[in-house]
Amino acid sequence: MSNTQVNTKVENQTKDAGHTGNFVRENQKSLTFIIAAVVALVVIYFVYQKVYLGPRETQAADQMHVAQDFWAKKDWDKAIKGDAGYPGFEKIISDYSNTKAANLAYYYLGIAYLNKGEYRKAVDNLGNYHGDDSMVAAEALGGTGDAYVELKDLDKAASYFKKAADKANNKFLSPIYLKKLGLVYEAQKDNQSAVDAYKKIKTDYSDSPEGQNVDEYIARAEAKI
């Protein structure tokens with residue numbers, strides 16, 4: 001590299017450094033404001049979590065147990081609406097929105113409506129549940145599938161039963177939803193898909209209650225192909 005090229009490179013680097021310094025000086029107030037705003041947002045977030053949301057989570061969890069007891073006893077109306085000063089799941093969702101308890105209440109409420117035969121409300125509430133627990137999430141998806149069966153929307157029912165089986169991914173729930181999936185496919189005259197669903201039970205969950213007599217379902221669906 002010639003002296004001229006070296007000098008030119010150094011001059012360019014000096015200019016770039018100068019431009020950077022000028023940018024910082026000219027925008028110092030803006031940069032300071034942005035940094036302060038970020039710090040403020042972080043502080044607000046932690047205050048929200050500790051001072052506001054934390055106590056609400058505790059209060060909501062404390063309010064849930066009576067409604068859960070009604071739900072376990074299949075007293076659906078009291079689970080939904082509450083009783084004698086104890087809130088039902090509807091009020092918990094209304095009073096404690098954005099809490100984990102309210103999120104879980106959507107699941108309970110959806111299943112309660114499903115059992116009451118209010119299928120559209122069941123779909124709406126189960127669809128609002130968003131949780132990390134794979135068992136509860138699978139049951140919410142499966143409950144939605146059940147509701148769509150009752151609403152005569154078999155395409156959506158099949159979609160949700162498949163999602164439920166995949167989400168559960170265990171020998172307790174997956175074969176239940178695969179069997180329901182197969183039955184929906186049979187109702188739709190899609191017998192090959194029904195066979196595939198039943199065979200998955202036989203292959204992956206043969207020791208489940210559904211796996212004990214799945215050969216009968218396979219034979220029936222295959223006979224219609």
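1. The crossing of α10 and α12 is left-handed, a term that applies if the near helix is turned anticlockwise from the far one by less than a right angle, with clockwise giving right-handed. Helices here are DSSP runs (H or I, at least four residues), numbered from the N terminus. The model is predicted: local features need pLDDT of at least 70, side-chain atom pairs count only at pLDDT 80 or more, and totals for chains, interfaces and linings use all residues. Residues are numbered from 1 along each chain as its sequence is written, and side-chain values use heavy atoms, with hydrogens and water left out.

2. Helix α10 (residues 191-204) packs on helix α12 (residues 214-223) at an angle of about 160°, the axes lying 9 Å apart. That angle makes α10 roughly antiparallel to α12 (over 145 degrees, on a scale of 0 to 180 degrees between N-to-C directions). Axes are lines fitted to C-alpha atoms, for helices over the stretch in contact.

3. In this pair, Asn191, Ala194, Val195, Tyr198, Lys199, Ile201 and Lys202 of α10 meet Val214, Asp215, Tyr217, Ile218, Arg220, Ala221 and Glu222 of α12, where contact means heavy atoms within 4.5 Å. The contact comprises 8 nonpolar, 1 polar and 5 charged residues. In this classification Ala, Val, Leu, Ile, Met, Phe, Trp, Tyr, Cys and Pro count as nonpolar, Asp, Glu, Lys and Arg as charged, and the others, Gly among them, as polar.

4. Helix α9 (residues 174-187) packs against α8 at about 160°, with axes 8 Å apart; the two are therefore roughly antiparallel. Their crossing is left-handed. From α8 the contact includes Leu154, Phe161 and Lys162, and from α9 it includes Ser174, Tyr177 and Lys180. By class, this contact has 13 nonpolar, 1 polar and 2 charged residues.

5. For helix α6 (residues 119-127) and helix α7 (residues 134-150), the angle is about 155° and the axes are 9 Å apart. α6 is thus roughly antiparallel to α7, and the crossing is left-handed. Tyr119, Arg120, Ala122, Val123 and Leu126 of α6 contact Ala140, Gly143, Thr144, Ala147, Tyr148 and Glu150 of α7. The class counts are 7 nonpolar, 2 polar and 2 charged residues.

6. The largest pocket has a volume of about 150 Å³. A pocket is an open set of points on a 1 Å grid where a 1.4 Å probe fits, with protein on both sides within 12 Å along at least five of seven lines; lining residues have an atom within 4 Å of a point. Of its 13 lining residues, Leu126, Gly127, Tyr129, Ala140 and Leu141 are the closest to the centre. The elements giving two or more residues are α6, α7 and α8 (154-168), and α7 gives the most, with 5. The lining has 8 nonpolar, 4 polar and 1 charged residues.

How values were computed. Parallel < 35°, antiparallel > 145°, perpendicular 65-115°, else oblique. Points joined across faces, edges and corners; volume = space filled by probe spheres on them.
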